[in-house]
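Open the model in your viewer and keep the selection tool handy. We'll go stop by stop, picking something and looking at what is there.

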Amino acid sequence: MTLPKLALDTEILQNTKVGDDIYALTVHGGALVNQAQPGQFIHLQIPAENVFLRRPFGIADTDEGTLTMYYRVTGKGTRALTGLQQGDTVNCLGPLGNGFSLSSKRPLLVGGGMGLAPLLLLAKSFQGEVDVLMGGRNHSELFWKDIFEPHVHEIFIATDDGSMGTKGFTTELLPELLGKRKYDCIYTCGPEIMMRGIAKIAAQHDILCQVSLEKRMACGLGACLSCVCDTANGERRKICKDGPVFWAQDVFFAK
Ligand SMILES: Cc1cc2nc3c(=O)[nH]c(=O)nc-3n(C[C@H](O)[C@H](O)[C@H](O)COP(=O)(O)OP(=O)(O)OC[C@H]3O[C@@H](n4cnc5c(N)ncnc54)[C@H](O)[C@@H]3O)c2cc1C
Ligand code: FES
């Protein structure tokens, strides 16, 4: 059953800087909280001049009536968002899209940069029975380690500059990891080039793989077609409504 989408004016509880240009925004989520599934997103109406369209952000956490998103400042909307304070309200539409399949018994999550945000709620849903491979440019991008640590079994880290964990990309560390441990599904979110590499390695090892895609969005509801992507069988799918989570073989590999 598809639950109705909610557009709620939510009160901001905190809007805190957690990394270089990265903030955690927590709101009183109201009825959104109980409906939110890992992998779904919220479409935020940012109250600022010249920011007309809503902006999509993955649901990173829900806890006792609160909902948290992590955002990187990339343009005028996210810059304006940093100015909102505790007690201000922001309109949240959601939860939107289709989230991750939770059927895995031995999951590995692979996240790059801000792609780790929606993987947090997914990690929590596996209740400690999950490993995470995280990648970032450097040590300061991997503030995620402390946030994930209480919820996962083991964390593996790759940084581009070697300032934390193994030097290199997640795609370089993954084959080594799959040689040592058994996983039945890999869930990945991050830059598309990384997800394509992860999906290819998963396929080579005969492991299921889910990817969370990102594209600029307008309506977020499947009406405007601004977010369509090509699929392996030639059909076009809407990332906001059919995704953002897809099976890798459906969107990355030509049939
Ligand atoms: C389903 C989904 C979930 C997302 N989750 C998160 C999240 O959890 N945390 C987070 O920080 N960001 C997330 N994003 C990206 C986020 O929505 C954009 O960064 C944000 O909308 C930028 O708004 P802005 O007004 O600051 O930037 P704008 O002024 O609109 O644009 C600034 C620059 O960013 C580029 N840009 C904007 N949106 C996107 C996009 N979707 N993909 C690629 N480039 C883009 C523009 O081309 C431009 O160069 C998500 C996007 C989608 C589609
Ligand atoms: S954003 Fe309008 S159809 Fe996806």
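Start by selecting strand β8, residues 107-112: 6 of its 6 residues are buried (buried means 20 or more other C-beta atoms within 10 Å of a residue's own, exposed means 12 or fewer, and partly exposed is in between, with C-beta atoms placed from the backbone). Strands here are DSSP runs of E with at least two residues, helices are runs of H or I with at least four, and both are numbered from the N terminus. Show the side chains and check both faces of β8: P107, L109 and G111 are buried on one side, and L108, V110 and G112 are buried on the other.

A word on what you're looking at: this is a predicted model, in which local features need pLDDT of at least 70 and side-chain atom pairs count only at pLDDT 80 or more, while totals for chains, interfaces and linings use all residues. Residues are numbered from 1 along each chain as its sequence is written, and chains are lettered from A and ligands numbered from 1 in the order in which they are written.

Strand β12 (residues 185-189) runs parallel to β8, joined by 5 bridges (strands pair if DSSP finds at least two bridges between them). Look for P107 opposite C185 in β12. Strand β9 (residues 131-136) is also parallel to β8 and linked by 5 bridges, with V110 standing opposite L133.

Next, colour by domain: 6-96 is domain 1 and 107-251 is domain 2, with bounds that come from an automatic or database domain assignment. Their C-alpha centres lie 21 Å apart. The contact takes 20 residues from domain 1 and 17 residues from domain 2 (contact means C-beta atoms, placed from the backbone, within 7 Å). Which element gives the largest share of the side of domain 1 that touches domain 2? That is β6, with 3 residues. By class, this side of domain 1 has 11 nonpolar, 5 polar and 4 charged residues; Ala, Val, Leu, Ile, Met, Phe, Trp, Tyr, Cys and Pro count as nonpolar, Asp, Glu, Lys and Arg as charged, and the others, Gly among them, as polar.

Select the open sheet of 7 strands, and follow the order β4-β3-β7-β1-β2-β6-β5, with antiparallel pairing. At the edges are β4 and β5 (61-63), each pairing on one side only. Neighbouring strands are turned by 35 degrees against each other on average, direction ignored. Zoom in on β2 (residues 22-28), which pairs with β6 over 7 bridges in the antiparallel sense. There, A24 has Y70 in β6 as its bridge partner.

Pick ligand 1 next. Around it are 21 residues, the closest being R55, G58, G75, G77 and T78 (a residue counts as near if its C-beta atom, placed from the backbone, lies within 6 Å). Two or more residues each come from β4 (55-58), β6 (66-72) and α2 (76-81). The shell divides into 10 nonpolar, 5 polar and 6 charged residues, and draws at least three residues from each of domain 1 and domain 2.

For a last stop, click G83, in the loop between α2 and β7 (89-96). Is G83 buried or exposed? G83 counts as exposed because it has 11 C-beta neighbours inside 10 Å.

Terms used: Axes fitted to C-alpha atoms, helices over the stretch in contact; angles between N-to-C directions. Contact = placed C-beta atoms within 7 Å.
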